[in-house]
Every structure is written in C-alpha cells, then in structure tokens.
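Here is a short report on one protein model. Keep the sequence and the 3D view open while reading.

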Amino acid sequence: MWQEMNKPKMATEKGASRVLMLLGQLERLNEEPKVSDTDATRQITGKILHIIQTQEKTRKEVMSKGSSGMDVILSTLENTGDLQTTLNVLSILNELLTVGGGRRTGVFVSKGGTAILLQLLVSSSKDPLNEELMLHIHTLLFKVGPKDRKFGVKARLNGALNVTVNQAKHNLQNHKLLLPCLQVLRVYSGNLVNAVSLGKSGALELMFEIIGPFSKKSTTLLKVALDTLAALLKSKMNARWAVDRGYIPTLLAIYQDWHRNDTRHRHMIIRKSILGCIKNLTNIKLGRKAFIDANGMRILYNTSTECLPVRTLDPLVNTSSLIMRKCFPKNRLPLPTIKSVYQYPLPRILAGGPVAQLYSLPPGVDDVVDESDENEATEVDTENDTENEDDETGHKTQNDDIETDINKLRPRQMQSRPFDELRVYERFCLEFTQYFKDNDFQSPGSVMPPSSFDPNRHHPLIIPTTQNRRPKNIQPPRSNDSPLELDSISISKTLEGKPNPDLACSLGQLVLDGDVSVNGESGDGPQEESGDQAVIEVPDTAALLPLHDPDLYLEMVKGTRSVPAYTEVAYPDYFGHVALNLREPILERAYGVQSRTKIFQDIERLIHPSDILDRVVYDLDNQSCPILDNGESLKFNSKFESGNLRKAIQIRKFEYDLILNSDINSNHYHQWFYFEVGNMRPGVRYRFNIINCEKSNSQFNYGMQVLMYSVQEAINGSPQWVRTGSDICYYKNHFSRSSIAAGGQKGKSYFSMTFTVTFQQKDDVCYFAYHYPYTYSTLKMHLQKLSGLCTSEIYYRQDELCETLGGNSCPLLTITAMPESSSNEHISQFRSRPVVFLSSRVHPGETNSSWVMKGSLEFLMSSSPQAQSLRESYIFKIIPMLNPDGVINGNHRCSLSGEDLNRQWQNPNAELHPTIYHAKSLLQYLRATGRTPLVFCDYHGHSRKKNVFMYGCSVKETVWQTNVNTSNCDLHEDLGYRTLPKLLSQMAPAFSLSSCSFVVERSKEATARVVVWREIGVQRSYTMESTLCGCDQGKYKGLQIGTRELEEMGAQFCVGLLRLRRFTTPLELHNHNSHLLDMENDLKDPRSIPNITSPTTYVLEEDEPAFLEEVDYSAESNDENDPDFEPDLQDNRVLPDPSSDSELSRQDSLT
Ligand SMILES: [Zn+2]
C-alpha cells in the first residue's frame, strides 16, 4: 500500500526508489513483531542510514509530504530491543533532522517522536550505560526540544530530567557527552517547574562545577553551562540556594576574570551569560543585598566604564546598568511627607473620599520604603493600570474597560433635578428671553464688576527675580471681603547693589530708576529695596500681542486667590508670550543618552559619594531654608501662580534634583512643572532631574523638549517660550513610591525626567515649564481684552457660573450674533439657533487646552465673515476654565478637593465640585427647555500621544469593540457623531482622524463627554485631546507643537462647526437631538464607517513603539514575573513555553 502510494517517485528516481523500498521492508518487519528478525532489521536500517548519509535527495524523499517514512522509522525505534538497530535509527533521525529547518522537526514532534525518545532515554539508563547511545539520544533531544512547545513537561513526566543530570554528573571530564547533556538541560530548565526540580537534583552544583575562570578551552561548553545556570536561577528557590552558598561573589569574581583576560573581546557572549546569571540572582531581595555586600556595584561600574568605549560591548554595559539600577538601594524621597505642602480646609470632607483617607493616615505611614520582594503577586499588573490619564484608551491591553451593557450605553433621558430648581439657570440664558428694542443693539458685554483699571497708564516696573530674595512672611489666606492689596504684590528685580555693567550694557532700553515702584507706597514691599532696584520700561508687547497687556495682567492678579497667597508674579505671564516663528522639530534622541550617560551618572552617586553635594537650595517645606549666596548654586523659585516646585537639591556643581509638589489635598499627581531659575553661569551645561514623576512613560522619551523663557531675551525683544534641553530622557529611578500614592501597588518607583540646558546669558532669570503656561489671571486678562473686541454685530456676555472652592470666579461666556433687527422674524431666528457648549482646562496641567480655547474665542470674536456666519448659526456657551483653583495653585490634575473633576460629572457635589455641578445643571436646564446642545466639546491635553484628536461616544463602535455578538442587538445609530472629527481632519493640519475613538469605557463613565452624551442626550459629545509634544502626520509632521498651532486648532474647530452647520438639516436645527441626517451621510466616507469586523478608530496598541535603547521598566522586585525585557539577541532559540506547563496540559502532553 505504502509502495503503491509512492510509485510515481520510485519510477523516476532510482536512488529514491531504493530507500523507499527499504523502508517498505522495514515496515513489514514492524507489522509482524512475532517474526523477530533482528538481523534483517539491523541490516535494513544500516542500509537506509548509508543511503541517507550519502544522498540528500533521499532525505527529502523520506520527509516529503504524504510519506509515511517517519512513522516507519519511529515505529522501529519504539519496538526494537536491539542496540545496533536503535543506534542506526538514531543516526538516521540525526541525519534527517540536521537540515530542513523546523518543518522536519515539526513532523517528528507531531508523530510523537519526543516521547519515544524520552522513553528510550529512561529505559536505556536502566541497562549498563552505553555512551554512544546516550550521546545519540541527547544530541537528538537537543535538536527536537526547542521545537516542541511541551518538551519541558514531557521530559519531566517521562522522568528524563534526572537521567540527563546523572549523565552529566558522571561525565564531567567527557566533554563529548557532557556537551549534549548540558544542551538538553538548558532546554529542560526553560520550564520553571523543571528548574526547581533540577535544582533539587543537584543541577546547580553541577553548573558551578563546570563554570570557572577565563579559559580558551571548552568555551562552547562553558557558554551552555552558564545559560543553563541562568535559566535555573530564574526560580526563586534556586536563586536563594545559590545566594546562600555565596555564589554571587563567585560569579562576580569570574566575571572580573573574564573581563581582565578577554582583552580582544572574543568571548563577549560568555561574559554576557555570566551577567545573565547575576541578573537573575538579583531578582530576589537577598540577592540584591549579597550583590551590594560583595561590592558588586563598584565591580560592575568599573568594568562597564572600561567597556564604554567599545561599542560592540554594549550588551555588557546595558546588562550591567540594568543590574546596578535594580540593586541601587531604594530611597524615599527627601521629603517630610509626600502630601502636598499646602492643605486647603474643605467645607466638608466626604467620608471614604480621597481626602478623608489622606488625612486619616498617621504621619510617616504614607511614605514607607518598600524594598521587599514578598509581594510579587501584586506585581503581575505592573506598569499598566495605575495611569490615570484622561481618556487614554491606548494604554489598555485588554478590553475589560469597555462598557458592554447595551442598556448602560444607550443614552438615558433622566431628569436628576426638578425643573423648579433648574429655573435659576435662566439667568445664564437671557438671550432666549431678552427683548431687543431698535436702539438697544449693544452687546450686554461683561456683567462682571467693571474694572477701574486704566489700561493706558504706563508704570515703570520692577522685574521679578530670584536674586537677593529674602524669605517673605506667608500671608494668611484672604477672606472674601478683603481683596488683595496692591502693595502685597512684589514685582521686583534687584541687581545685587550696584547695577551690573554687563546688564546695563546689554539691556539698553532699561530705564534704571530706583524711586518708583508699582504702588509708590511706603512701608514694606519693594520700596525697601528701592536703592537697588532696576526699574525697566516694559517693552511694548501690545503690538505683538493684541490680547496681552502687562498692566492689565497685574490688575487681574490682584483678584486671583491662591492657597499659598502668592505675592509674586512670574515674568513670562506678566510679559506675555509671542509665538515663535521658528519651526521646532521633534528632537532626535542621541545614541546611548540614557543607558550610557545618565544612568551611569546616577550610579556614580553611590560609587563616589564624596562627590555629591546634596545641598538643599530651595525648600517649600522649610520656609526658613537659607538662600545660599555662595555664587555656586542656582536660585530657584516657584512661588507664583501655577508654580509647583517643592524642593531643589544641588547634587553636583551643575546638577540638581527637583521635586514637584503634589496636588493640594493629595499625595500624588505631579507631572506639570513651572519654576524659575537664577544665578546661572552662562556656557555651562546644567543637568536637571525631576525625580518624582509618576507616569510609566513620557513623550520626553520621544522627542518632546521642555519650555524655557529667558527674561533677558524678553527684554531684548523676544518674549517667548522656547523648546529647549538636550539629553532628555525619562526612566525609572531609585526613589521608592509609597503604595498609598501608587494605588495600593507595592514596590513601585518614581521616574526621573532629566534634561540638560546651557544658559546663554549672564544675570538672566529663566523659567522652565512642562508646557506653555496659561494662568487663570491670563484668562481673565484675555477675556477682558476680548470683550473690548465686541462690536454691534456681536452678542457677547460674560457671567459668573459660580465661585470656586478657593473663592475665584468661574466665567461663563455667551457668544452669538445680535439679531439683525427687532423684527419678530429676526428675534425668532436669534432664539432658535442651536447651542454649542464648549469647556476647557478641567485638568490644570493641560495648559495646551487653554491655548486651543484661546484660539476658539479669538476666532469667535473676530470680524471675519466666517466668524459672523458662525455666530449667526449658533449660540455658544463656553466655560473656558473648569478648574481655576487647580490652575492657580499649580496642580496637575485635581481641584482643591483633591479630586479629578473630570470624574465627578455623574454626581457632582455642589459644595466640593461647584464648577462641575453648575455646568451640568446648566446643561440640564438647556435640555429641559428644549435647547439640548448640538455639540458639546471639552478640550484636554494628552501627554503620551501625538497630534490632536477626539474621543466621542458610539454605542455601535463600543459594542463592536467588545466583540459581543452584534447580530443580537439590532442597533440603529445616527452616525452624525463622526462628521465633526471627519471635517476637522480635512481642515486642521494637526488633527488626526486615525487617533480618534468613539468607544465608551467604563473608567470614563463619569467624564464630561460620557455624562453629557448619556444623560443630557448630546449625540456629538466629545473630548478633544491636543498633544503636548508634536505631530507625526500632516503639515506639522516631525514638529513640536507651539501656541500658534494650538490656537489655530481652536480656530479650525470653529470653522468645522460652521461646516457642520451645512450638513445639518433645518429640522435638526430645531430639534437637534434625535434625527438621522441624510445630508451628513454625503460626507461620510463609506470606508470610514466601521463595519462589524473592524472598527478602525479604536487603537489598542501602545502609544509609541518600544524604544530602541531599552528602557527597563521592570527593574524592581518582580521575580518570576520578570518578562524578558531585554531582547537576548544571542539566544534566539525557541524555548518551550513555561506557561504551557500546567495541569491542564498534562493530559495531552503524553503521547
Ligand atoms: Zn485631561
């Protein structure tokens, strides 16, 4: 039968026909086991072996598809009791599997060859040992093992582990046999359960007997032994055993010996394998301690430093660096507590809320260094889920977060408050009831108290600086009825006594006049320093910045209430920022910045502790912290609106560790920074490290730079924030993060963001910020200037939505066009305009959202025909800053209640979340009066993605994403939610449609976007996210984003709304929350409408590809869970998957 099958081949190839014929004879012998013709079998297998050894084409023949050659061979192996026949068959298999890649081995495995071999191994070990047989079996097992996913389990269940260990033990001097045994052990030990078992059988001792100091002999053997050892040491139990027996110093000594003697770097692979063993040993706490005790830091530091110049030794440097970082003793942050420096007494503290929790902890508990490795169980989910960034769908690796309950997804029409209660919001909607007389066509303008301020006054001004600062008395928080006194604002630049000739020379337009200060009053404040003051005439930025006015800014600052009662004004906010004309490309990262430079400098802190100054130069926790004036230290300050530097420590002459303050009434959330630096030396490279960052990755690793503002440059006519800094990277550091501030997860660390800056000017004062600052006072100034742009065609009204917890006003704007006349027709058109509701800056650290809003507002107030047309089309309700208190006080995420306001929309508390409570109530009022907004959009910033994009809400796309059987739910959904993003992607260069998502996640169910969609019934309810970094598509591809682009985005958003108007039927305009718009479908690209199998908009993969220079985020105490973070290029063998080793797989593993 078998021969017939192969007849055609037999006819064409003579050689082939002979081997096939022989196999046929063999098969017949196998089929009749009674006829034990040992000699015949032996003879036939010998002939087959000979043919196969001499003719490659016969091997192909045997292994060809449809051939049963392998079955015959394996059957012979299984059934024969004859040693010579067994050896023949093993040799045949060896020949067959040597070439042909994985396919032939795959055939062998699929026919059950592994188990037959393993059984043969075990049974042979019972007889007097035959070395040749053992050699053949192990050689074959080594070929087969890596290709068999269940090899490890099969070997253990067949009892093969000990046979191989014993073979190796008894043949330590017999390298010919020892090598294949070790190779097989290496494969066995890839399975963690096997590793434990092998450890008990003495495999560890065995490896330590084989490895040793430098030798040019037996390097292959050594390499295999080291790799086996490294695999065995992945087991915690084995690692403890090895550490207990003092093997860490042994391995370090061996590594040093190879490092010294392998001068021509021929054995880099062996050296890396030694490090691999050390790396696995230091996964346990005991190992890290032994490593430190054995002087491991210094040894690896010194050897790596010597390796640095040789690029080919990078793997050694990288692995050493990884081990050193892991073993670097964990420290707590040098702070008395991680709670914010400032507390704000809340009107009420909700039991069980975050603030109650925060202040119920005894002092010190919040900040315990956790260096144990007892809690791996909690570390399975490291890195993924602690992020709290708004709308970061990209970071989730599973779909768990996506809402699957269709009923929950469907918009809910719920009336949470009776209309009588909502009626008070009528005062924010006067345009719907107001009657216009013909002589009454003036915009209502601002209903805020008019400012007595005269913008035309010009004061000589005193410039803020860090120079010569004296500790100031911190003022108690102001009460509501005592407005900030003018003289409590100190804007001073003192020039250390005599005017500096350089400064006077370089700042030609400075008018030095010590007699005048801002207020001219006597007493404390600037006057005291009047003799030393440099008073300058402010350059006229008004020409460059139509909406900016320094004097007006100061006026606005006076009404701004901050928790620390700030008395200083930051220069950039005062002077304003003129968008740069230069293009600022996304930075390309230089090779090895992180692993070769920064991390080594960090490790040197431990190696050369005497080089470390550790000098505190700025400390909010200790207000009496002396300001050193030794000329050797930078001077820091951030006691101004939106500032949030907590502490600065001089580490080396030109290096500083900086610590950011937590959000008020919180113990974490820091990413945003804004601070001032003075007393710098020009031309020197300063390194700054922000050491308490929390996010696990950052756009700082992908080309984003920090922003810097130079006062000297401003005075010289370039008042602007500029992207700056080199050698920027972001990586995990050795500062331990309390589990209380890390969502209960233990063993977490902070991250460092490091950047290097060279200052150009002497006697400069510079500011650094995470992103372009935009303070609350700036907003108020802009609004005042905007109201001045009002014409008789524009209806502009500014109301106070409410007062914030901190006593600041939250502005609400209404912008539309005045009715054309008081005729009924025109008044009716006026009142029937659909509402567009916009908000921004709920997250204080997302300053980009304010710049986008500024662009929108300016466009809406402009005189262009498009703007007029837009105003005639809609009534805009705009809350430009939902979280003024957070912005003022330098928070990154929260309000004064210590909570993320964009998680409070479901059930906002009137006392604790007033802006959200009243914004939502206003929306409820609009809905109750039949004016549900056509569009709602909340502007945000995104720290880990590029471009500008939107999140929306779609039942269908959410359901599709969860792969729920969609045929059950016959959904009819208006696709109108896609129109606006689609329009924007066609118009706005920074906007990327492919980054948009319309999936509703459970974790986002309390955000503005989802609540407004679900409860208010706004179908086009969006979050618009702007990058903090830059763009990777469109006109701005490869460039960092600036305020010009952000403002342009805000304007384009408005143009998009205008176009949306054209796609909206008159019917919808009157009743715009339920109808499917046929016209809108014209715009919809059929390809972009998701079909059931693949919605294109939901992106699950990481925000960025893995960085080439490996950022080891796992370098902490996660023993067995440590995935292979560093790709091992030397070792690309496919090892059995340890995860397949479970009781479940046991049954089908035995063949
Ligand atoms: Zn946000």
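## The largest cavity

The largest cavity has a lining of 12 residues, and Arg325, Phe328, Lys732, Asn733 and His734 lie nearest its centre. Its volume is about 160 Å³. This is a predicted model, and every value here is computed from it.

Which element gives the most to this lining? Strand 12 does, with 4 residues. Helix 29 (593-607) and strand 12 (726-737) each supply at least two residues of the lining. Across the structure there are 13 cavities of 30 Å³ or more.

## The zinc site

The zinc ion is coordinated by His843 through ND1, by Glu846 through two OE entries, and by His940 through ND1. These contacts run from 2.1 to 2.3 Å. His843 is in the loop between strand 17 (835-840) and helix 33, while His940 is in strand 19 (residues 935-942), so the pair ties together parts that are 97 residues apart in sequence. The donor residues follow the spacing H-x2-E-x93-H.

Is His843 buried or exposed? His843 is buried, at a relative accessible area of 0%. His940 is buried too, at 1%.

What is the geometry of the site? It is irregular, with angles of 59 to 153° among the 4 donor atoms. For reference, the ideal angle for four tetrahedral donors is 109.5 degrees.

Helix 40 covers residues 1043-1062, 20 residues in total. From first C-alpha to last it reaches 29 Å, close to the 28 Å expected at 1.5 Å a residue. Of its 20 residues, 15 are buried, so the helix is largely enclosed by the rest of the structure.

One of its residues, Glu1047, meets Lys854 in a salt bridge, at 3.2 Å from N to O. Glu1047 belongs to helix 40 and Lys854 to helix 33 (residues 847-860), so the contact ties together parts 193 residues apart in sequence. Both ends are hidden: Glu1047 counts as buried at 17% relative accessibility, and Lys854 counts as buried at 11%.

## Other salt bridges

How many salt bridges does a search of the whole structure find? The search finds 35.

Lys785 pairs with Asp549, with the closest N and O atoms 4.0 Å apart. This pair links distant parts of the chain, 236 residues apart. Lys785 sits in helix 31 (residues 776-788), and Asp549 sits in the loop between strand 3 (535-536) and helix 27 (550-558). Lys785 counts as partly exposed at 25% relative accessibility. Asp549 is buried, with a relative accessible area of 11%.

Lys289 and Asp293 form a local bridge within one helix. Their closest N and O atoms are 2.9 Å apart. The two residues are 4 apart in helix 20 (residues 285-293), about one helical turn. An α-helix has 3.6 residues a turn, so residues three or four places apart point the same way. Lys289 is exposed, with a relative accessible area of 52%. Asp293 is exposed as well, at 54%.

Methods
Residues are numbered from 1 along each chain as its sequence is written. This is a predicted model: local features need pLDDT of at least 70, side-chain atom pairs count only at pLDDT 80 or more; totals for chains, interfaces and linings use all residues. Side-chain values use heavy atoms; hydrogens and water are left out. The expected span of a helix is 1.5 Å times one less than its number of residues. Buried means under 20% relative accessible area, exposed over 50%, partly exposed in between (1.4 Å probe, protein chains only). A salt bridge is a side-chain nitrogen of Lys or Arg within 4 Å of a carboxyl oxygen of Asp or Glu. Donors are N, O and S atoms within 2.8 Å of the metal (3.2 Å for Na, K and Ca); water is not among the atoms, so sites may look incomplete. Four donors count as tetrahedral if all angles lie between 85 and 135 degrees; four count as square planar and six as octahedral if opposite donors are over 155 degrees apart and all others between 65 and 115; anything else is irregular. On a 1 Å grid over the protein atoms alone, a cavity is a set of points where a 1.4 Å probe fits but cannot get out, and a pocket is an open set with protein on both sides within 12 Å along at least five of seven lines; lining residues have an atom within 4 Å of a point. Grid points are joined across faces, edges and corners, and a volume is the space filled by probe spheres set on the points.
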